[in-house]
Amino acid sequence: MTPSPLLNVRGLDVHYGRFQALFHVAVHVAQGEVVALIGGNSAGKSTLLRAIAALLAPSAGTIVFSGTDLGDLKPHQVVALGVSLVPEGRHVFGSLTVRENLLVGAHSRRARNAIRQSMEEVYELFPILRQRANIMGNELSGGEQQMLAIGRSLMSGPALMMLDEISQGLSPLVIKAVYRTLSAISRTGTAVLLVEQDVRRSVSVADRVYAMVRGRAVCLGVPGSLTEDDLKKACFGFELQGARSSEGERS
Amino acid sequence: MTDLIQPIVNGILLGGLYAAVAIGLSLMFGIVRLINLAHGDLMITASYLSLVMVEQVGLSPLTAAVMVVPMLFPAGFGLQKYVLNRALRRGPEPPIIVALGISIVLQNVLLLIFSPDARSIPANVAVLAVPVTENLSLPVIYLMGFGVGCTAIAAVHVLVRRTRLGRAIRAASEDDETARLMGIDTEYVHCCAMGIAVTTAAVAGVLVGMTFTFYPHSGPQYLLIAFGVIVIGGVGSMTGALAGGIVLGLAQLVGAHVFGPGHQLLCGYLVLLAVLAVRPHGILGRANS
Amino acid sequence: MRLSRQPFTIGLIVLLGAAATMPLWASRYWMLLCLTFCLYLSLAQMWNLLAGYCGMISLGQQSFIGLGGYTPAVLSVYYGLPLWMGVLCGGVTALVFALLTAVPLFRMRGVYFAVGTWLTAEVLAVAFSNWSFVRYGMGIVITPAYQLSLTEMYYAGLVMGIGSTALVFLILRTDLGLTLMAVRDDEAAAQTVGVDVFRSKLYGFLIAAFVTGLTAGLIYLHQVFIQPYKAFGIDWTVRLLFIVIIGGIGTIEGPIVGAVIYIVLRQVFSEYLDVSLLLMGAVAIAVMTVAPKGIVGSLQERFGFEILSSRRT
């Protein structure tokens, strides 16, 4: 564990009305690290990402990003600090062109040259987007939309990128291509927090893996040490034995 | 038939002015799905402010317009920031009621200050006309209204299509949450959009004040016209606004010509009701809104 | 926490008894005040039925008010029909008008519905002011109404005020009330479980139109003079909206509390009509941004009691 992680979530509780979705969640991501968050449906994975992005207000706990408490910030301020979320279901702006989508992604930045450079980088990462620059978002295929959603997020120049279910509804070939770019992104020093149903895929690129079960996060450790059985249990929501509780880990 | 040409031409020209009345309302409805029921009253407030500038300060109508129009941007911005955004967070009904409340407050403030008498902004151009043929002449004030209306539409169009703020406005109107995830402060964007909307209303208000007489209670009448323009022309569509304005302008002036001047408003309303009955979300409107 | 019903029942009986015997002991001033209260209460209950329980924010109640006022005026002045008969016909006219406009209006949702109803009323205002039969914008003086005594008017108003409140109370305890609230909360969901949305909304709309029309008939018999731009004016709905919003939208007690506040304000500001409207607009804005549930709704939320529960027990 690095001495001061880039993102440090501690004791996080989130409620939807009376329903508690997250229980004392502790997760951290170091600079340049790829962390996978696995778990079944409604385990709280997306809730955690949304809380970090400040779309949800936690009822207890702290979220610290590179020394700044995100507690009272609004989503746009979190983006400006360098945290970017690629939302589940892509949410490309259908009535905007590909180029405009990318420019919207850079909304928090003012320097025109830096924006232009980021756009070049995105186009290099996803050459298809350059070809389709002036096409409306809703005319893209699912895979292209996913590339656009990732590219759009990159435009804000994030130090931490969070991706929610990026392989959903995509063909295996496209998924493979998308994951290849993930590795490229992490090589540039951007930390990645990845939420996936496709466990094997996400674990294969991760430096570290957390499992979420019924609103609680458990650190499973490094992928190499994980057996197929561990992963299955994590996904189907069984109690995990031998894994360290994330609560005990830091106290 | 030949005597119909004049009302038809006037109706088309009036349509440009009506489009200018409507674009701000259309812009806001496209973004927050809210018909700002105080739109007409904000417009009439601008008419009264210009009247004060002309009558009390002694400025020319044009100078008055240049003074008044920018004053209303912060008014719209603040209204959105401190009142409407708060109501919007509480669900779909509160903003309707709050906007109506603003309308009532504005009307009665104007009534207290200016009395219920009919007023108009004195302008020399109001009586000028360009003769074309012996049956047809173009009133200069209507030409101005049409020209300014088209200019305002073009300006808003460019702003929405070509600028960073416009991009943010479109993103926020399509998907508010994702826009926030992209680093857009959507509530701030709403405030800016409202500022722009009220600014366009002010432009329209100055023109209306020079073209017609107005009262403290004239606002709702123009709100209904603007609503009609949106319904006919489609939400958020700037060219649609011009088309809608022309349809309503024609309905009113041709109707007044055929049935008598008392029926001018009635004919416009009936056309609008017919459109609403057939296409409850407008002719060019999106069905899902 | 639920209050014991007994003191409430005794209080209600005392209050009703006092109201019923009011002509025997009260001054003209207090009777007039109580009459105005009852008439506004009736109108407000009907707007609340639409906006608070059916989720239809109507800005066009003045359509029914104008029709309900003009019908007895025309029938009694032109055709010598008895006044009460005219009032009943006014209710029916409003009902028929509601029936005719329901199909196009119900195709509109939310703010479209709001503006659509308003527009309908504006059309009536302009049409009546261009119609020679009703003497254009000059209006009609309902001369036969001069014969009515205050006691007669008072009892008619009392029946409307209590009747409309009881009506809403009863509707909410029937299946219609349940379906209306289901439609208000989630129209699509209500539809999928087999609720006939259109029919439920139509019943609510028709009831509101009929009672509003009847009440308006009484109001104009009392005022003796009717004019299109006043009768079909949006000011009516603004007042109702103020009453319901400040009292608490979607509660039966809300309009009662709101109507009391309205009457008090009206008396205090009776010499400054513009100021009172201005104040109403400002209060509506403040309530909606600070405590959108109104006085009654906020109290219920805080203390968890309901006097006139819409729940079937």
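Let's start with two helices in chain C, H3(C) and H10(C), and the residues where they meet. This is a predicted model, so keep that in mind throughout. From H3(C), the residues are C:Leu32, C:Leu35, C:Leu39, C:Ser42, C:Leu43, C:Met46, C:Leu49 and C:Leu50. They meet a set in H10(C) that includes C:Phe205, C:Ile207, C:Val211, C:Leu218 and C:Ile219. C:Gly204, C:Thr212 and C:His222 are also among the H10(C) residues. What is the make-up of this contact, nonpolar, polar or charged? It has 13 nonpolar residues, five polar ones and no charged ones.

Now the geometry. Two packed helices are described by an angle between axes and a distance between axes. Helix H3 of chain C covers residues 28-53, and helix H10 of chain C covers residues 197-223. Their angle is about 160°, and their axes lie 9 Å apart. The cut-off for roughly antiparallel is over 145 degrees, so H3(C) counts as roughly antiparallel to H10(C). The crossing of H3(C) past H10(C) is left-handed.

Next, chain A. Here we have an open sheet of four strands, antiparallel in its pairing. Which order do the strands take? Reading across chain A, the order is S2-S1-S4-S5. The edges are strand S2, residues 19-29, and strand S5, residues 68-69, and each pairs on one side only.

Look at S1(A) and its two partners. With S2(A), the pairing is antiparallel, over seven bridges. In that pairing, A:Val14 stands opposite A:Leu22 of S2(A). The S1(A)-S2(A) hairpin leaves two residues between the strands. A:Gly17 in that hairpin has a positive phi, near 60°.

On to the other partner. Strand S1 of chain A, residues 7-16, runs antiparallel to strand S4 of chain A, residues 60-65, and five bridges join them. One bridge partner pair is A:Arg10 with A:Thr62 in S4(A). Helix H1 of chain A, residues 45-52, packs on this sheet. H1 touches S1, S2 and S4 of chain A, and its direction makes about 110° with that of S1(A).

Last, chain A against chain B. How many residues does each chain bring to the contact? Chain A brings 24 residues and chain B brings 18. The area buried between chain A and chain B is about 2,000 Å². Carbon and sulfur atoms give 57% of that area. On the chain A side, A:His76, A:Phe93 and A:His107 lose the most area to chain B. Together they make up 31% of what that side buries.

Key
Residues numbered from 1 in each chain as written. Chains lettered and ligands numbered in written order. Predicted model: local features only at pLDDT ≥ 70, side-chain atom pairs only at ≥ 80, totals over all residues. Heavy atoms only, no water. Pairing = 2+ DSSP bridges. Contact = heavy atoms within 4.5 Å. Axes fitted to C-alpha atoms, helices over the stretch in contact; angles between N-to-C directions. Parallel < 35°, antiparallel > 145°, perpendicular 65-115°, else oblique. Left-handed = near helix turned anticlockwise from the far one by under 90°. Nonpolar A, V, L, I, M, F, W, Y, C, P; charged D, E, K, R; others polar. Buried area = accessible area lost by both parts, 1.4 Å probe.
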